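Here are a few notes to go with your first look at this one. Have the sequence and the model open side by side while you read.

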Amino acid sequence: MHNRRVFSKESLMIYAQQRFSRMNDLKVADTGDMLCNQLDGNRYFTKLPFDLAKLKAEVATFRTLIAAARDGSRTIIAQRNKQRAEVVRLMSLLVRYVENASDDDMDAFRTSGLKPAYQNRRSQEQLSEMIRRIVFGPNSGRAQIFIKAYPRAAAYQLRWAQIIGEEAPTNWTVKESITNIKSATVLDLTPGKRYALQCRVLVDDNCTDWTDSVTFICT
(Lines give C-alpha, C1' and ligand atoms only; values in the text may rest on other atoms or scores of the structure.)
Protein backbone atom coordinates (compact mmCIF):
# COMPACT_ATOMS: atom_id res chain seq x y z
CA MET A 1 0.00 0.00 0.00
CA HIS A 2 1.38 3.38 -1.03
CA ASN A 3 0.76 6.57 0.81
CA ARG A 4 1.25 9.73 -1.16
CA ARG A 5 0.85 13.35 -0.20
CA VAL A 6 0.78 15.93 -2.99
CA PHE A 7 0.27 19.66 -2.81
CA SER A 8 -2.10 21.94 -4.65
CA LYS A 9 -0.92 25.45 -5.39
CA GLU A 10 -3.90 27.28 -4.03
CA SER A 11 -7.49 27.28 -2.89
CA LEU A 12 -9.96 30.12 -2.51
CA MET A 13 -11.06 32.02 0.56
CA ILE A 14 -14.35 33.88 0.14
CA TYR A 15 -14.58 37.36 1.66
CA ALA A 16 -17.77 39.39 2.07
CA GLN A 17 -18.45 42.98 1.16
CA GLN A 18 -18.35 44.86 4.44
CA ARG A 19 -18.97 48.54 3.81
CA PHE A 20 -20.80 49.39 6.99
CA SER A 21 -18.96 52.70 7.36
CA ARG A 22 -20.40 53.85 4.02
CA MET A 23 -23.98 52.88 4.85
CA ASN A 24 -26.52 55.29 6.25
CA ASP A 25 -28.17 54.36 9.52
CA LEU A 26 -31.27 52.76 8.01
CA LYS A 27 -29.16 50.65 5.65
CA VAL A 28 -27.12 49.39 8.61
CA ALA A 29 -30.34 48.45 10.42
CA ASP A 30 -31.74 46.77 7.31
CA THR A 31 -28.52 44.76 6.90
CA GLY A 32 -28.71 43.62 10.52
CA ASP A 33 -32.29 42.43 10.04
CA MET A 34 -31.31 40.70 6.78
CA LEU A 35 -28.52 38.76 8.48
CA CYS A 36 -30.87 37.65 11.24
CA ASN A 37 -33.44 36.44 8.72
CA GLN A 38 -30.94 34.67 6.47
CA LEU A 39 -28.96 32.96 9.23
CA ASP A 40 -31.90 31.91 11.39
CA GLY A 41 -32.15 28.14 10.91
CA ASN A 42 -29.59 28.15 8.07
CA ARG A 43 -28.24 24.60 7.77
CA TYR A 44 -24.82 25.81 6.64
CA PHE A 45 -24.26 28.04 9.66
CA THR A 46 -25.21 26.20 12.82
CA LYS A 47 -22.58 27.45 15.29
CA LEU A 48 -23.17 31.18 15.31
CA PRO A 49 -20.93 33.27 17.59
CA PHE A 50 -23.97 34.56 19.53
CA ASP A 51 -27.74 34.20 19.68
CA LEU A 52 -29.40 36.08 16.82
CA ALA A 53 -31.97 37.41 19.28
CA LYS A 54 -29.24 39.70 20.61
CA LEU A 55 -28.66 41.33 17.23
CA LYS A 56 -32.42 41.59 16.61
CA ALA A 57 -32.85 43.46 19.90
CA GLU A 58 -29.90 45.78 19.24
CA VAL A 59 -31.22 46.61 15.76
CA ALA A 60 -34.68 47.36 17.18
CA THR A 61 -33.13 49.76 19.71
CA PHE A 62 -31.06 51.34 16.95
CA ARG A 63 -34.17 51.97 14.84
CA THR A 64 -35.86 53.66 17.80
CA LEU A 65 -32.85 55.94 18.30
CA ILE A 66 -32.68 56.74 14.58
CA ALA A 67 -36.24 58.05 14.74
CA ALA A 68 -35.67 59.89 18.04
CA ALA A 69 -32.49 61.59 16.78
CA ARG A 70 -34.42 63.47 14.09
CA ASP A 71 -35.23 66.20 16.61
CA GLY A 72 -31.53 67.12 16.70
CA SER A 73 -30.90 66.33 20.36
CA ARG A 74 -27.16 65.92 20.90
CA THR A 75 -27.74 63.40 23.66
CA ILE A 76 -29.96 61.20 21.49
CA ILE A 77 -27.60 61.52 18.53
CA ALA A 78 -24.71 60.34 20.71
CA GLN A 79 -26.79 57.39 21.89
CA ARG A 80 -27.72 56.58 18.30
CA ASN A 81 -24.08 56.62 17.21
CA LYS A 82 -23.07 54.40 20.11
CA GLN A 83 -25.86 51.98 19.26
CA ARG A 84 -24.83 51.92 15.61
CA ALA A 85 -21.30 50.94 16.66
CA GLU A 86 -22.68 48.02 18.67
CA VAL A 87 -24.86 46.80 15.77
CA VAL A 88 -21.88 47.01 13.40
CA ARG A 89 -19.69 45.12 15.87
CA LEU A 90 -22.17 42.25 16.04
CA MET A 91 -22.65 42.16 12.28
CA SER A 92 -18.88 42.10 11.77
CA LEU A 93 -18.65 39.03 14.02
CA LEU A 94 -21.28 37.30 11.90
CA VAL A 95 -19.51 38.22 8.67
CA ARG A 96 -16.21 36.75 9.88
CA TYR A 97 -18.02 33.61 10.99
CA VAL A 98 -19.79 33.19 7.63
CA GLU A 99 -16.55 33.66 5.71
CA ASN A 100 -14.86 30.88 7.66
CA ALA A 101 -17.81 28.52 7.98
CA SER A 102 -18.54 28.69 4.23
CA ASP A 103 -15.33 26.68 3.70
CA ASP A 104 -14.84 27.98 0.13
CA ASP A 105 -18.40 26.97 -0.86
CA MET A 106 -19.91 29.92 -2.73
CA ASP A 107 -23.41 28.40 -2.74
CA ALA A 108 -23.32 28.09 1.05
CA PHE A 109 -21.89 31.59 1.40
CA ARG A 110 -24.68 33.18 -0.64
CA THR A 111 -27.37 31.70 1.61
CA SER A 112 -26.21 34.19 4.25
CA GLY A 113 -27.48 37.08 2.13
CA LEU A 114 -23.98 38.57 1.98
CA LYS A 115 -22.26 39.45 -1.28
CA PRO A 116 -18.72 38.29 -2.03
CA ALA A 117 -16.16 41.08 -2.24
CA TYR A 118 -13.37 39.05 -3.79
CA GLN A 119 -11.66 35.73 -3.42
CA ASN A 120 -8.24 35.71 -1.82
CA ARG A 121 -5.86 32.86 -2.62
CA ARG A 122 -4.38 30.81 0.20
CA SER A 123 -2.13 27.81 0.08
CA GLN A 124 -3.51 24.47 1.12
CA GLU A 125 -2.21 20.94 1.17
CA GLN A 126 -3.97 18.35 -0.97
CA LEU A 127 -3.94 14.83 0.46
CA SER A 128 -3.84 12.85 -2.79
CA GLU A 129 -4.34 13.33 -6.51
CA MET A 130 -8.12 13.31 -5.98
CA ILE A 131 -8.79 13.76 -2.25
CA ARG A 132 -8.44 17.40 -1.35
CA ARG A 133 -8.98 17.26 2.40
CA ILE A 134 -10.82 15.54 5.25
CA VAL A 135 -12.90 17.41 7.81
CA PHE A 136 -14.11 15.66 10.97
CA GLY A 137 -17.30 16.27 12.90
CA PRO A 138 -19.58 17.52 14.18
CA ASN A 139 -20.33 14.02 15.53
CA SER A 140 -17.78 11.34 16.38
CA GLY A 141 -17.24 8.83 13.61
CA ARG A 142 -18.22 11.21 10.83
CA ALA A 143 -15.78 12.51 8.22
CA GLN A 144 -16.46 14.82 5.30
CA ILE A 145 -14.28 14.07 2.27
CA PHE A 146 -13.60 16.82 -0.26
CA ILE A 147 -12.91 15.51 -3.76
CA LYS A 148 -11.05 17.24 -6.57
CA ALA A 149 -12.97 17.65 -9.83
CA TYR A 150 -11.94 15.24 -12.59
CA PRO A 151 -12.44 16.03 -16.33
CA ARG A 152 -15.52 14.35 -17.87
CA ALA A 153 -16.37 12.61 -14.59
CA ALA A 154 -19.88 11.15 -14.44
CA ALA A 155 -19.56 10.14 -10.78
CA TYR A 156 -17.05 9.33 -8.07
CA GLN A 157 -16.56 6.44 -5.69
CA LEU A 158 -14.91 6.36 -2.29
CA ARG A 159 -13.81 3.31 -0.39
CA TRP A 160 -12.35 3.03 3.09
CA ALA A 161 -11.11 0.32 5.41
CA GLN A 162 -9.73 0.10 8.90
CA ILE A 163 -5.99 -0.54 9.10
CA ILE A 164 -5.03 -3.29 11.52
CA GLY A 165 -1.35 -3.71 12.24
CA GLU A 166 0.95 -3.26 9.27
CA GLU A 167 -1.11 -5.26 6.78
CA ALA A 168 -2.75 -3.60 3.80
CA PRO A 169 -6.52 -3.42 4.34
CA THR A 170 -8.74 -5.81 2.38
CA ASN A 171 -12.18 -5.33 3.91
CA TRP A 172 -13.23 -2.19 2.04
CA THR A 173 -16.53 -0.32 2.34
CA VAL A 174 -17.52 1.38 -0.92
CA LYS A 175 -19.62 4.53 -1.29
CA GLU A 176 -21.13 4.46 -4.77
CA SER A 177 -22.07 7.17 -7.25
CA ILE A 178 -21.02 10.40 -5.60
CA THR A 179 -22.14 13.17 -7.92
CA ASN A 180 -21.50 16.16 -5.67
CA ILE A 181 -17.76 16.68 -5.85
CA LYS A 182 -17.70 19.26 -3.08
CA SER A 183 -17.91 16.66 -0.36
CA ALA A 184 -19.11 13.24 0.65
CA THR A 185 -19.89 12.18 4.19
CA VAL A 186 -18.49 8.85 5.33
CA LEU A 187 -20.40 7.40 8.28
CA ASP A 188 -20.00 4.55 10.78
CA LEU A 189 -16.30 5.00 11.47
CA THR A 190 -14.84 4.14 14.85
CA PRO A 191 -13.21 7.06 16.70
CA GLY A 192 -9.54 6.48 17.46
CA LYS A 193 -9.10 3.88 14.71
CA ARG A 194 -6.79 4.27 11.73
CA TYR A 195 -8.30 4.13 8.24
CA ALA A 196 -7.19 4.06 4.62
CA LEU A 197 -9.24 6.00 2.09
CA GLN A 198 -9.18 5.82 -1.71
CA CYS A 199 -11.12 7.40 -4.57
CA ARG A 200 -11.83 6.64 -8.22
CA VAL A 201 -13.88 8.15 -11.04
CA LEU A 202 -16.48 6.88 -13.46
CA VAL A 203 -15.74 8.22 -16.96
CA ASP A 204 -17.54 7.05 -20.12
CA ASP A 205 -18.91 3.96 -18.32
CA ASN A 206 -15.43 2.97 -17.15
CA CYS A 207 -13.74 3.44 -13.78
CA THR A 208 -10.25 4.74 -13.24
CA ASP A 209 -7.88 2.91 -10.92
CA TRP A 210 -8.24 3.56 -7.21
CA THR A 211 -5.95 6.33 -6.01
CA ASP A 212 -3.14 5.76 -3.56
CA SER A 213 -4.40 5.52 0.01
CA VAL A 214 -4.77 8.49 2.29
CA THR A 215 -4.50 7.35 5.90
CA PHE A 216 -6.08 9.08 8.88
CA ILE A 217 -7.24 8.49 12.45
CA CYS A 218 -10.95 9.07 12.94
CA THR A 219 -11.97 11.51 15.65
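How many disulfides does a search of the whole structure find?

1. The search comes back with 0 disulfides, a disulfide being a pair of cysteine sulfur atoms within 2.5 Å. Buried here means under 20% relative accessible area, with a 1.4 Å probe and protein chains only.

2. Before you go on, remember that this is a predicted model: local features need pLDDT of at least 70, side-chain atom pairs count only at pLDDT 80 or more, and totals for chains, interfaces and linings use all residues. Residues are numbered from 1 along each chain as its sequence is written, and side-chain values use heavy atoms, leaving out hydrogens and water.

3. Now find α2 (residues 52-68) and α3, whose axes come within 9 Å and cross at roughly 150°. That makes α2 roughly antiparallel to α3 (angles over 145 degrees count as such). Among the α2 residues that meet α3 are Leu55, Phe62 and Ile66; on the α3 side, the list includes Ile76, Val87 and Leu94. Contact means heavy atoms within 4.5 Å.

4. Asp105 sits in the loop between α3 (74-101) and α4 (106-110); helices are DSSP runs (H or I) of at least four residues, numbered from the N terminus. Asp105 counts as buried because its relative accessibility is 17%. A polar atom of the Asp105 side chain lies 3.0 Å from the backbone nitrogen of Asp107, and the backbone nitrogen of Ala108 is 3.2 Å from a polar atom of that side chain.

Definitions and conventions. Helix = DSSP H or I, 4+ residues; strand = E, 2+ residues; numbered from the N terminus. Buried < 20%, exposed > 50% of the residue type's maximum accessible area, 1.4 Å probe, protein only. Polar contact = N/O pair within 3.5 Å; in protein donor to acceptor, adjacent residues only side chain to side chain. Axes fitted to C-alpha atoms, helices over the stretch in contact; angles between N-to-C directions. Parallel < 35°, antiparallel > 145°, perpendicular 65-115°, else oblique.
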